[in-house]
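Visitor: Please take me through one part of this model in close detail. I would like to look at the charged pairs, and then at what surrounds them.

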Amino acid sequence: MASSADVHVRICEQEIIKYDLEIKALVQDVSECTGPQSELTDLNFKVKEKFNNLRQRIQDLEQMGKEQDKESDKQTLLNKAEGHRKQMLSNQTAWRKANLSCKLSIDKLEKDDLLNSEDMSIRQRKMTKESLAQTSSDITESLMSISRMMAQQVQQSEETMSTLATSSRTVLETHEEFKAMTGTIQLGRKLIIKYNRRELTDKLLIFLALALFLATVLYILKKRLFPFF
């Protein structure tokens, strides 16, 4: 083989080995993947890409072998290409097993999550029922408390109305007493005025009687003292 051809062969074999190692590492990642499904999908996409690159380089190596002039060199490269192809198939088998293991693991985890979610849902429903029962009890107690307060307010209102009624009767009675007192005062006033008038009349009568008496006395004295007048 020419030296330039040897260089291309070595580069191709190095790339094949590189892709093989990268595929093995990715298959290991797939085997250890615990989800979610999106992560497994992403890993499988990378594996497929590496397999495509590996398959292409194996085909390149096989083509280089076919182009060799010496039968020995040709057979050597073809054997190497076949060996790499078998290794690639082994990697594909390992990849499928890793995928199966990963999917089983993800399914188990999802089932466990579902069961845990159901258990959580049951606990939440139980807690919700207990919470609703407690809330109902609290509401009932609050309503009873409000009812007691309203009863007390009604009783206080009745007592207040009774007090107001008593006060109203007292005011009415006091008013009636004031009216009676006012009538008495007015009657007394009238009597006083009448009495004052009678007193004035009596004084006038007395004054007139005294005047008449004095006039009579003077007339008698005049007749006795001055009989000729």
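Guide: Start with lysine 24 and aspartate 20, whose side chains form a salt bridge with an N to O distance of 2.8 Å. Both belong to helix α1, four residues apart, so about one helical turn separates them. Lysine 24 has a relative accessible area of 35%, so it counts as partly exposed. Aspartate 20 has 14%, so it counts as buried. Keep in mind that this is a predicted model.

The general idea is simple. Side chains of opposite charge can pair when their charged atoms come close. In this structure there are nine salt bridges.

Take glutamate 13 next. Its partner is lysine 80, and the closest N and O atoms are 3.1 Å apart. Glutamate 13 sits in helix α1 and lysine 80 in helix α3, so this pair ties together parts 67 residues apart in sequence. Glutamate 13 is buried, at 16% relative accessibility. Lysine 80 is partly exposed, at 36%.

Now glutamate 15. It makes a salt bridge with arginine 57, with closest N and O atoms 2.5 Å apart. Glutamate 15 is in helix α1 and arginine 57 is in helix α2, so the pair ties together parts that are 42 residues apart in sequence. Glutamate 15 has a relative accessible area of 25%, which makes it partly exposed. Arginine 57 is buried, with 18%. This pair also belongs to a network of salt bridges that links Glu15, Arg57 and Asp60.

Move along helix α2, which spans residues 37–66, to methionine 64. Methionine 64 is buried, at 17% relative accessibility. Leaving out residues up to four places away in sequence, methionine 64 touches His8, Val9, Cys12 and Leu77.

Glutamine 92 is the next stop. It is placed in helix α3, residues 71–225. With a relative accessible area of 16%, glutamine 92 is buried. Its contacts, again not counting residues up to four places away in sequence, include Phe51 and Arg55.

What about disulfides? The structure holds zero. Cysteine 33 is in none, and the nearest cysteine sulfur, in cysteine 102, is 3.8 Å away. A disulfide needs the two sulfur atoms within 2.5 Å. At 3.8 Å, the sulfur of cysteine 102 is therefore too far from that of cysteine 33 for a bond. Both cysteines are under cover. Cysteine 33 is buried, with a relative accessible area of 5%. Cysteine 102 is buried too, with 0%.

The link between the two opening helices deserves a look. Proline 36 is in the loop between α1 (3–32) and α2. The peptide bond from glycine 35 to proline 36 is cis, with omega near 5°.

Two record annotations can be set against the model. An unreviewed UniProt entry gives a "coiled-coil region" at residues 44–71. In the model, residues 44–71 are 86% helix and 0% strand, with end C-alpha atoms 39 Å apart. The unreviewed UniProt entry also has a "transmembrane region" covering residues 204–221. That span, residues 204–221, is 100% helix and 0% strand in the model, and its end C-alpha atoms lie 25 Å apart.

Finish at a nonpolar surface patch. Leu218, Leu221, Leu225 and Phe226 make a patch of about 420 Å². One of these residues, leucine 225, lies in helix α3. Leucine 225 has a relative accessible area of 58%, so it counts as exposed.

The bridge from glutamate 15 to arginine 57 joins helix α1 with helix α2. The pair of lysine 24 and aspartate 20 stays within helix α1.

Conventions. Residues numbered from 1 in each chain as written. Predicted model: local features only at pLDDT ≥ 70, side-chain atom pairs only at ≥ 80, totals over all residues. Heavy atoms only, no water. Buried < 20%, exposed > 50% of the residue type's maximum accessible area, 1.4 Å probe, protein only. Contact = heavy atoms within 4.5 Å. Patch = residues over 30% accessible without salt bridge, like charges linked within 9 Å, V, L, I, M, F, W, Y side chains within 5 Å. Areas by Shrake-Rupley, 256 points an atom, 1.4 Å probe, with all protein chains shown as cover. Salt bridge = Lys/Arg side-chain N within 4 Å of Asp/Glu carboxyl O. UniProt positions renumbered as here; feature names shortened; annotations may be inferred.
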